[in-house]
Amino acid sequence: MENSNNTDSQKRFLIAAVLCVFVLFGWQYFFAPKKPAGENANANTNSNATATAAPTPAPTTAPAATPAPEVAAAPSAPNRKITIKTPLYEVTLDSKGAVATSWVILKNISANGEQPIFADGSTAENEKPLQLISEAALSRDPRELPFRLATGDANLDRTLNTSEFSTASETGDVTLKDGETKQIDFNFTTADGVEAVKSFIFRGDSFVSDVSVKLTRGGQAVPNVKLLIGASLGDQAITHHSYYHIEPEAVAYVDDAIFRHPGTSFTFDTNNAAQMPAPGAVDWAGVADAYFAQAAVPASQTEGLEYIASKYEYPLPEYYDGIISWVTRKPKTSETRHLITAAVPVAADGTPTKVYTGPKDYFAFAGLYNKSLTEAVGRPIDLVDTINFSNYRPLRWFTKPIGILVLYALSFFDQLTRNYGAAIIIFTFLFYMLLFPLRWSQTRSFKKASGNAPKMKEVQDKIKELQKKGVPMDDPKMRALQMEQLRMTKDALPLGGCLPMILQFPLLLAFYTAVTVSLDIRQAHFLWLPDLSAADPYHILEFAFAISMILSMKFTPQAATVTPEQQMQQKMMTYFMPVMMLWVMWSAPSGLLLYWFFGNLVSFGQQMIINRMNKPNTPPGTTVVNDVPKNAKPVKQKLSTT
């Protein structure tokens, strides 16, 4: 169940990496990356959104198959709000619908220790709380908030999600310490016999909470009850979205496969509403952005998962979405945003559903939450798959394991240096040093190929002359020329020379993945860079990367060029490719550009050492002429077929 309309960030980077490798291999044709439809729709809702920014509310559930009678609500209970404060998060429950109206993440705890969590754009002087719940979802009528219920009966759904529930819990704050738990029950009864009980259990040392639903009508259990997760939980402080700051998307594990769809992949009707079924057995389902997720884990596998989405235009302060708009000074002032909700089938008999709401930290998932959830529900649960290691299934089989290895390596060096920027530099240096012998072999291969180029052209011309004369390929003269070609290509094959780049290609993809999903790299600062998971705010690193790429390509031996056209093409690629990469990698995570930039510097230094050590010995008294004098008489080469 892969998303056919994959996210723009990975598509742009994959195109960039493939083009870079192809150019170094000597390919002659390049294809610019294409923008998918609805590119500007990559967005979740900002915490400063206003009610006027949202369009006419979209329905939160599918229409009932048959008209349902009106539900007679009981006298309304007073509105009550309860805030549960733990060392990890703070959540506010509202008795109106018994839903969550605020969910703030405070810190993360994993095998790497504790890490404070702040909203996007925070600084040491201005640490903004990270709010997961969208203000636009909060302003809808009815509100599109976590833990709503859907039954297929539109009247019953509206009554359950807009009426006041009663609770015995006290209004105000409930503070939980490590190891402490708190259960909060909400009750609702209608005049025609509908009874609803919604129970929550929160833990002071875990992002996993329990949500239980018991819903009956006339003493009979209401069928097909769904717990709504969302809408679009994620970092709401992102002012505008880009290829690398994506909006919350639908994500689930259904029929032993990852189901992942951004808002742009939904088909919307004239009311800007959409629905997308996810048929199959559901292990877990929810919504997630790049670093945070809310996922419901039913007590047993269920079927009938459905995603509901709506879209709207959101006005923004002027911003530049790429280098072209930055150079031409043509900013954008709005973007299309989406609200995505997961309707997860659950048992309505009071059986608890586990709900994870927190950071997408690989080390926390692998070391704690996967094990505890697996034991709780009695089947394998792996929330690591909420992390987007790749939208492309053919690539995920190696980007995921290699990306995890990169995460471990960077975490190790970070423990030594206490700075992720320094960890990236150390990692880059060590990896490029491992490639040094291959680079040496690369230089020898290209130098031999370049030295053989004139003679190779002479042999090729002889073969062409024989072919024009009708000499067959099995002729002794033709075979001799072919054998001479083989001797000249020995130890000078382009594949051997390009082996270092072939090895770097999968690592580059894995490193890109690690940088864009690592919670530890998020908001890690280095020198003037405030966040290694975001773009350089001054764009210094982008231009430094392009310049270093020119130097690296200019001083690295290239494939032998024989014709003037090949020589011109090689010169164009030396300068055109970095310019194109500057466009593609504009606004890329600065951690990725730091890796690539420092890798270019190391490559340049290695190449200077190799060139110096491979410098030919010139006999005393010998004059080396590097350029042909302008007044030199050209000598026409004579071709012979003997």
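Let me start with a term: a contact means heavy atoms within 4.5 Å. Among contacts in this protein between residues at least 6 apart in sequence, 73% join residues at least 24 apart.

A word on the source, everyone. This is a predicted model, where local features need pLDDT of at least 70, side-chain atom pairs count only at pLDDT 80 or more, and totals for chains, interfaces and linings use all residues. Residues are numbered from 1 along each chain as its sequence is written, and side-chain values use heavy atoms, with hydrogens and water left out.

Now the overall picture. The protein has 14 helices and 21 strands; these are DSSP runs numbered from the N terminus, helices being H or I with at least four residues and strands E with at least two. Of the 642 residues, 53% are buried, meaning under 20% relative accessible area, with exposed over 50% and partly exposed in between (1.4 Å probe, protein chains only). The protein exposes about 29500 Å², and carbon and sulfur atoms supply 59% of that; the areas come from the Shrake-Rupley method with a 1.4 Å probe, and for residues only the protein chains shown count as cover.

Inside, β2 (residues 89-94) and β3 (residues 99-105) run antiparallel, joined by six bridges, and V91 sits opposite W103 in β3.

Finally, which helix holds I426? That would be α7, residues 420-434. I426 counts as partly exposed because its relative accessibility is 31%. Thanks, all!

How values were computed
Pairing = 2+ DSSP bridges.
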